[in-house]
Amino acid sequence: MIKNNDKISSNQVAILLFTTMVGAGILSLPADVSKEVGPNGLLAILGGGLASLFFARLILWISSKFPTETFSEYASKLVTKPVAVVLSVILIFYFSIFVSLDVRIFGEVLKIYLLPSTPIETIIITMLFASAYLVRYGLEPIARMSEILFPIMVIPLLLLFLPALSDVDLTNFLPFMRVSLMKFLKGVFVTTYSFVGFELLYMVFPYVIDQEKLKKSVNASIISTTLFYMYICFFVIGIFGYKETKEQLWPFLTLIKSINFPVFFIENVEGIVMAIWTFTIFTSIYSFHYFAVLVLSKLIKAREHSYLVLPLIPPMYLMALIPDSIVTLYKYANLVSQYLSIFFISFLPIILAFFVKLKGLGDKK
């Protein structure tokens, strides 16, 4: 049974999707696409956005056939209960590992730029408990928090790059599409990590008040995320060029440090950007944390999800400490995006859609 304080609107879903997708991936996305497709990074992001939109709509279509059930419940009708249990366990691990990756990336960035003397373990555990505090109250407070943080995340970042517009060299986007189709598709593929987050559509459908408006919300969230990523990459690649961009670990932060702001502007712009980015990654962390807990509560048929919030923190914390360096951390992130993300984003929706059609299950309306 879904409580009234866990009901959210379709507009809140759109904001929740956006704030979940725009997280740690924004730091390395310009470098990732530059390595694969050179000056054609903007097109690769556009391709990744269109592919994400297609699969998000496919997941939404499947969920709409079972409007009162989450993935853990309707999957048993489609692929048998044992298979559904296995998929649910993997989905819990999937959401949990993204919490771990995001808090570790958050810890690394904060330690380098703001808190060099603070142990990374302290940063990680603090963020996890901050997330747990919000998650235990349910989906509706989470959605309201995303509504509050959304303008704080987006508007300043859009404005902060404007002084650098005169430094953009459009020749950095040339030659245009002189890349093989396979290499371009690989460039689209590497944007996957930056669009991770819309998989929460597997679970959120029953909690939406105006379900008939969800299609527009999903369209708006993924299109706006795509345009936001293209906006950031336009400035990064346009100023540094793809050759320099691909050699940097976090070109987004490098660009912020290199922009010459007007003299009347606040002096410590880097600190402001770090504060904004902290909000940005916090939204991803608490979203993944909540949906990991929600899948677990549905799997074991718990009456309250709040009892399961704290027990998931120790495994998330331990997974966050497994990588011994930033390089290893991003290797793990790439492995997760190449296998688990692709499975849950593309292969699983196609399989489930096939069974929906084959068995004729779900709401016929």
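1. A residue is called buried when its relative accessible area is under 20%, exposed when over 50%, and partly exposed in between (1.4 Å probe, protein chains only). Phe-55 counts as buried because its relative accessibility is 16%.

2. The model under review is predicted: local features need pLDDT of at least 70, side-chain atom pairs count only at pLDDT 80 or more, and totals for chains, interfaces and linings use all residues. Residues are numbered from 1 along each chain as its sequence is written, and side-chain values use heavy atoms, with hydrogens and water left out.

3. The nonpolar core deserves attention. Such a core is a set of buried Ala, Val, Leu, Ile, Met, Phe, Trp, Tyr and Cys residues joined through side-chain atoms within 4.5 Å. The largest one has 131 residues, and Phe-71, Phe-198 and Phe-291 touch the most other members. Helix α14 (residues 269–299) gives the most to this core, namely 16 residues. Helices here are DSSP runs (H or I, at least four residues), numbered from the N terminus.

4. Which residues does Phe-71 contact, leaving aside its neighbours within four places in sequence? With contact taken as heavy atoms within 4.5 Å, they are Leu-87, Ser-88, Leu-91, Tyr-202, Met-203, Leu-348 and Leu-352.

5. Aromatic rings come next. Rings of Phe, Tyr and Trp (its six-membered ring) pair if their centres lie within 6.5 Å; planes under 30 degrees apart count as stacked, over 60 as edge-to-face and the rest as tilted. By this rule there are 26 aromatic pairs. Phe-54 and Phe-55 form an edge-to-face pair, with 5.0 Å from centre to centre and 75° between the planes.

6. One aromatic cluster consists of Tyr-94, Phe-95, Phe-98, Phe-288, Tyr-290, Phe-291, Phe-343 and Phe-344. Phe-288 is placed in helix α14 and counts as buried because its relative accessibility is 4%. Although Phe-288 and Ile-97 are 191 residues apart in sequence, their C-alpha atoms are 8.9 Å apart in space. Beyond its neighbours within four places in sequence, Phe-288 has contacts that include Phe-95, Phe-98 and Val-196.

7. Ile-345 belongs to helix α16 (residues 326–359) and is buried, with a relative accessible area of 7%. Setting aside neighbours within four places in sequence, Ile-345 is in contact with Phe-55, Ile-59, Thr-192, Val-196, Phe-198 and Glu-199. By contrast, the C-alpha atoms of Ile-345 and Phe-129 are separated by 28 Å, at 216 residues apart along the chain.

8. Two packed helices are described by the angle between their axes and the distance between the axes. Axes are lines fitted to C-alpha atoms, for helices over the stretch in contact, and angles run from 0 to 180 degrees between N-to-C directions. Helix α1 (residues 10–21) and helix α7 (residues 139–160) pack at an angle of about 65°, with their axes 9 Å apart. Residues making the contact include Ile-15 and Phe-18 of α1, and Ile-142 and Phe-150 of α7.

9. The peptide bond from Leu-174 to Pro-175 is cis, with omega near 0°, and Pro-175 sits in the loop between α7 and α8 (181–190). Thr-80, which is not a glycine, has a positive phi of about 75°; Thr-80 lies in the loop between α4 (71–79) and α5 (81–113) and is partly exposed at 41% relative accessibility. Lys-301 also has a positive phi, near 60°, and lies in the loop between α14 and α15 (313–321). At 64% relative accessibility, Lys-301 counts as exposed.

Conventions: Helices (H or I, at least four residues) and strands (E, at least two) are DSSP runs, numbered from the N terminus.
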